[in-house]
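Welcome to this guided tour. Open your viewer, get ready to select residues by number, and follow along one stop at a time.

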Amino acid sequence: MNREDLWLATHNKDKVKEFYDLLGDLPFRLRLIEEFSSDYAPPEETGKTFLENALIKLQAFKKEKPGAWILAEDGGIEVDALDKRPGVYSARYYSETATWPERLKALLKEMEQVPEPLRTAHMTSVIAVGTPDQKTLQAQGVVSGSLAFSMRGHEGFAYDWLFIPNGHDQTVGELGYPLKNKFSHRYKAVEELKKKLGQYFSQQKSAVL
Ligand code: IMP
């Protein structure tokens, strides 16, 4: 099959690993930012929403590779008891330079007095794909659940060690792979993206006929 290149506009190796699994059945050859340039600096995430940040990442990489297929993603965790924080600041919560255990401990401390039924939270992934003919396809996936009282599990990354998806009593970190890639917010966003790609390709085909 003649596969087109799809550039993943992220430096996050954990996300890349998941995208390799989730996008494996699409007719694309996945390409990494590092293959393009070792010193590409990601843009500042100044958006107020996940979608704004995904589009900022897409536009920034588009300047480097106009006319390419590009996938950008933004997302994070929103905790109801914290008025949806950290949200767009998920990667920078507590301190930009903190390690993940430090960041998660700070979140646990902030949630110390919050009892089980009020520990609800939501993981969101928003994907923006730029097409060679300058269209943008958008997709979103959300998984609701709650925050554990301590870090648990060794797989996944970041908030996976605190987040218990609804219908489970283990954190995503404990549930691990391959299960995470069968229900996660990223899985759901990719499923929606696949539908949008299907529509895009059939419009392309009918324009040619
Ligand atoms: P981004 O890399 O700018 O999109 O920041 C998203 C942040 O949200 C990540 O750094 C993590 O903190 C968090 N996040 C996004 N997806 C996941 C996930 O699948 N598991 C755990 N944390 C995630």
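**Before you start**

This is a predicted model, in which local features need pLDDT of at least 70 and side-chain atom pairs count only at pLDDT 80 or more, while totals for chains, interfaces and linings use all residues. Residues are numbered from 1 along each chain as its sequence is written, and side-chain values use heavy atoms, with hydrogens and water left out.

**Stop 1: the ligand**

Select the ligand and display the residues around it. How many residues surround the ligand? There are 18, and the closest are Lys15, Trp100, Asp160, Lys180 and Arg186; a residue counts as near if one of its heavy atoms lies within 4 Å of the molecule.

Now look for polar contacts, which are pairs of N or O atoms within 3.5 Å (within protein, one must be able to donate a hydrogen and the other to accept it, and residues adjacent in sequence count only if both atoms are side-chain atoms). Pick Lys15: a polar atom of its side chain is 2.6 Å from an oxygen atom of the ligand. Lys180 also has a polar side-chain atom by a ligand oxygen, at 2.7 Å. At Arg186, an N or O atom of the side chain lies 2.8 Å from a nitrogen atom of the ligand. On its own the ligand exposes 480 Å², and the protein buries 94% of that (areas come from the Shrake-Rupley method with a 1.4 Å probe; for residues, only the protein chains shown count as cover).

Colour the helices and strands next. These are DSSP runs numbered from the N terminus: helices are H or I with at least four residues, strands are E with at least two. The elements that give two or more residues to the shell around the ligand are β3 and α7 (185–208). Which element gives the most to this shell? That is β3, with 4 residues.

**Stop 2: Thr10**

Select Thr10, in the loop between β1 (4–8) and α1 (13–22). Is Thr10 buried or exposed? Its relative accessible area is 15%, so Thr10 is buried (buried means under 20%, exposed over 50%, partly exposed in between, with a 1.4 Å probe and protein chains only). The Thr10 side chain reaches the backbone nitrogen of Asn12 at 2.9 Å. Leaving aside neighbours within four places in sequence, Thr10 is in contact (heavy atoms within 4.5 Å) with Lys15, Val16 and Ile33.

**Stop 3: Lys84 to Pro86**

Move to Lys84, in the loop between β3 (69–79) and β4. Its phi is near 75 degrees, a positive value in a residue other than glycine. Lys84 is partly exposed, with a relative accessible area of 40%. Then select Arg85 and Pro86: the peptide bond from Arg85 to Pro86 is cis, with omega near -5 degrees. Pro86 belongs to strand β4 (residues 85–86).

**Stop 4: helix α4**

Select residues 100–110, which make up helix α4. Which of its residues are buried? They are Arg103, Leu104, Ala106, Leu107 and Leu108.

**Stop 5**

Ala158 sits in the loop between β6 and β7 (163–165). Phi here is positive too, near 50 degrees in Ala158, and this residue is buried, with a relative accessible area of 7%.

Finish with Tyr177 and Pro178, which are joined by a cis peptide bond with omega of about 5 degrees. Pro178 lies in the loop between α5 (172–175) and α6 (180–183).
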